[in-house]
Amino acid sequence: MSGQFYDVIIVGAGPTGSYAAYELSSSGYDVAVFEQKSAPGLDVCCTGIISTKCFQSLDLKQDMILTKVKSAKFFSPSGRCLRLQSKNVQAYVVNRLLLDKVLASKAQSQGAQYFFSSRVINIIPGKDSIQAEASCFGDRKIFSARAVVLANGFMPKLPRKLGLGKIKNFLVGAQGKVEAKNVDEPEIYFGQEIAPGAFAWLIPTHVRNSTNKAYVGLLATSQARLHLQKFLNNLFDQGRITSQEVKIEQKSIPVGTLTRSYRDRVLVIGDAAGQVKPTTGGGIYFGHLGAKIAAEVLDEALSSDNLTAVQLSRYQKQWKAKLGKELSLGYRARWAYTKLSDRQIEGIFNALDSSGMAEASLNSGNFSFDWHSNFILSILKHSSAYPLLKIRHLLSREASL
């Protein structure tokens with residue numbers, strides 16, 4: 001198969017890569033997808049929480065939903081609980097393994113060809129084509145195409161070798177599956193001792209009686225596995241989970257974007273480009289939006305046989321117009337949060353709880369599960385509590401740097 005010539009080679013069979021493969025294949029292009037794992041969705045470190053809007057845009061079926069989310073509990077460093085509930089379902093926890101399989105199957109139904117256990121180790125640009133060197137079951141093979149799309153997650157090597165820059169900052173996510181007791185809605189835990197620079201979670205996936213399956217995990221600026229093990233031990237000591245011995249998966253999550261997400265015959269989408277929510281580390285929806293734009297730009301470029309960097313630069317202009325403001329504020333908010341002490345985080349909980357501001361904003365009609373900038377600005381604008389004033393000051397200072 002290494003002698004076959006494709007219109008597009010896509011590196012990575014996650015939701016972003018498979019959606020791009022589906023769109024391009026549906027437009028009549030010969031597409032090959034290379035995935036280093038032996039099947040879609042294996043060993044994924046992701047809760048699978050997506051908004052109802054994202055669920056609809058991906059055109060998914062109801063049998064993929066594990067739980068529906070319309071409320072959540074937020075815990076301060078001291079253990080104070082702030083419970084928020086919306087009038088409508090805000091998000092779904094979907095079966096992430098099934099999500100990857102379904103999206104890959106949809107792309108295959110349109111003619112996309114998948115190569116599993118095939119890791120792309122090099123991209124070789126040429127004048128009239130571009131080549132991908134892949135290790136397929138241990139054998140190195142060369143595949144040629146008119147264009148390449150990198151959708152292989154936060155793997156800096158290939159973009160750097162192509163001169164597209166490097167995302168320097170990142171968080172580390174760690175997660176495992178547990179048997180939990182009396183957990184019927186998502187629980188989010190804050191505190192620099194619990195999850196430095198971020199937060200931890202306990203997310204139910206199957207609710208039945210008093211015991212259910214759940215994801216437990218956290219994001220951290222460093223030593224995520226160690227912090228997660230401590231969190232697991234605490235949950236076990238409290239009787240919240242049946243065992244603290246779980247298989248832990250880890251994943252690096254970019255905090256920043258590539259200098260360029262395009263060049264001659266190349267586009268970069270999803271986590272690989274930095275299309276990730278800075279506030280939560282979620283990448284499915286932003287990656288989905290990036291894949292849609294990439295497929296549209298590539299369709300036009302392939303149709304006109306103009307795959308130059310100048311032509312493909314439209315992709316970066318469009319996705320940054322769509323996501324740029326959200327990402328910029330999110331980066332500054334995340335940076336400011338890392339500067340807070342647990343005492344100051346506690347003060348934020350006190351301010352939000354006593355004023356009822358968080359729940360009012362949640363049910364105001366302006367809240368979006370995917371777009372957090374308006375919610376952040378609303379909270380900062382209407383609060384005089386010192387910790388929130390400090391975040392406002394830090395955001396303003398960061399913006400002027």
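Visitor: Which residues does F375 touch, not counting residues up to four places away in sequence?
Guide: F375 touches A358, S361, L362 and F367, where contact means heavy atoms within 4.5 Å. This is a predicted model, where local features need pLDDT of at least 70 and side-chain atom pairs count only at pLDDT 80 or more, while totals for chains, interfaces and linings use all residues. Residues are numbered from 1 along each chain as its sequence is written, and side-chain values use heavy atoms, with hydrogens and water left out.

Visitor: Where is F375 found?
Guide: F375 sits in helix α10, residues 373-381. Helices are DSSP runs of H or I with at least four residues, strands are runs of E with at least two, and both are numbered from the N terminus.

Visitor: And how far apart are F375 and A358 in space?
Guide: They are 8.7 Å apart, C-alpha to C-alpha, and 17 residues apart in sequence.

Visitor: Is C54 buried or exposed?
Guide: C54 counts as buried, at 0% relative accessibility. Buried means under 20% relative accessible area, exposed over 50%, and partly exposed in between, using a 1.4 Å probe and protein chains only. C81 is partly exposed, at 36%.

Visitor: Okay, helices. At what angle do α6 and α7 cross?
Guide: Roughly 160°, and the axes of α6 (residues 284-303) and α7 (residues 309-338) come within 8 Å. Axes are lines fitted to C-alpha atoms, for helices over the stretch in contact, with angles from 0 to 180 degrees between N-to-C directions. So α6 is roughly antiparallel to α7, a label for angles over 145 degrees.

Visitor: Which residues make that contact?
Guide: Among them are F286, L289 and I293 of α6, and Y315, W319 and L323 of α7.

Visitor: What about phi? What's up with F137?
Guide: F137 has a positive phi of about 55° although it is not a glycine. Most residues other than glycine have a negative phi. F137 is in the loop between β10 (130-136) and β11 (139-150), and is exposed at 66% relative accessible area.

Visitor: And where does Q223 lie?
Guide: In the loop between β15 (211-220) and α5 (224-237). Phi of Q223 is positive too, near 50°, and Q223 is exposed, at 53%.

Methods
Angles under 35 degrees count as roughly parallel, over 145 as roughly antiparallel, 65 to 115 as roughly perpendicular and the rest as oblique.
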